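Hi there,

Here is the structure I promised to pass on. Have a look at it first, and then read on for what turned up.

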Amino acid sequence: MNDFNYFLDQNATGPPIVLIVTGLLIFVIASIGCIGVIRESPKLLLTFALLLGIVFIMELAAGIAACFYRADMNNRLRSALEDSMRQSDKTDIDAWNHIQSEMMCCGIDNPSDWRRLSLNKTLPASCCRPPYIDEKVGHCFDSLALGKDKYFQDGCLNKLEMHISGNVMTLMIVGVCIAFLQILGIILAVYLASTVRYERQR
């Protein structure tokens, strides 16, 4: 299980699915383009350009939808984190332990979220800095004498958002590069089809 994706609702998996389907479509469309070039067929080349244009429009629509979803991401992610913390079953705890250990954070906004929302009202071991984990009970030493510097103070929500935003930025850069190549492919296909048709009419 990818614990970073565990807290995202099903709508968050939409863009990757769109990208996978689009990749398969581009493979099929590219095959049509290759056949069109080999056979010097204007019809196949124009079909390739048309289909590539449709895929470009689909990708543009998916990108716009992702931007609208991103605006609401904070509320969706916060709600998912709160629900998971309230349930606190084994799967939820495992996901939380992974996130908190990897990102060195605790709770949603701060460690007090565990005492406010969780069933056992204690900080899990993944909130503790390594020397202060109580292995016997599986959570931090719950003593005021230890001080707040003994467990992570930053909440996980902001760090998860930064993690997701970094991935989104990478996807946007890749998407712009792919869009440029698609537009270039459309232009070249139309140009080649026109050239082949012109040469045959001479």
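**The nonpolar cores**

The largest nonpolar core has 20 residues, and Leu-81, Trp-96, Ile-108 and Trp-114 are those with the most contacts inside it. Two or more residues of this core come from each of helix H4 (73–87), H5, helix H6 (112–117) and helix H7 (156–201). Another core lies apart from it, with six residues, among them Phe-48, Ala-49, Val-55 and Ala-189.

Which residues is Ile-108 in contact with, once its neighbours within four places in sequence are left aside? The list holds Arg-78, Leu-81, Glu-82, Met-85, Trp-96, Asp-113, Leu-117, Gly-155, Cys-156 and Leu-157.

The average pLDDT of the protein is 79, and 81% of the residues score at least 70. Confidence is highest in helix H5 (residues 90–103), at a mean of 87, and lowest in strand S2 (residues 139–140), where the mean is 58. Where pLDDT is low, the predicted coordinates should not be read in detail.

**The overall layout**

The protein has seven helices and two strands. Starting from the N terminus, the order of elements is α-α-α-α-α-α-β-β-α. Of the contacts between residues at least 6 apart in sequence, 67% join residues at least 24 apart. Buried residues account for 31% of the 202 residues.

**On the surface**

The accessible surface comes to about 12,700 Å², and carbon and sulfur atoms hold 66% of that. One feature to look for there is a nonpolar patch of about 420 Å², made by Val-21, Leu-25, Leu-50, Ile-54 and Met-58. Helix H2 (14–39) and helix H3 (42–71) are the elements that give two or more residues to the patch, with the largest share, three residues, coming from H3.

Leu-50, one of the patch residues, is found in helix H3. Is Leu-50 buried or exposed? Its relative accessibility is 56%, so Leu-50 counts as exposed, the cut-off for that being over 50%.

Happy to go through any of this with you at the screen.

Best wishes

Methods. Residues numbered from 1 in each chain as written. Predicted model: local features only at pLDDT ≥ 70, side-chain atom pairs only at ≥ 80, totals over all residues. Heavy atoms only, no water. pLDDT = per-residue confidence, 0-100. Helix = DSSP H or I, 4+ residues; strand = E, 2+ residues; numbered from the N terminus. Core = buried A, V, L, I, M, F, W, Y, C linked by side-chain atoms within 4.5 Å. Buried < 20%, exposed > 50% of the residue type's maximum accessible area, 1.4 Å probe, protein only. Contact = heavy atoms within 4.5 Å. Patch = residues over 30% accessible without salt bridge, like charges linked within 9 Å, V, L, I, M, F, W, Y side chains within 5 Å. Areas by Shrake-Rupley, 256 points an atom, 1.4 Å probe, with all protein chains shown as cover. Salt bridge = Lys/Arg side-chain N within 4 Å of Asp/Glu carboxyl O.
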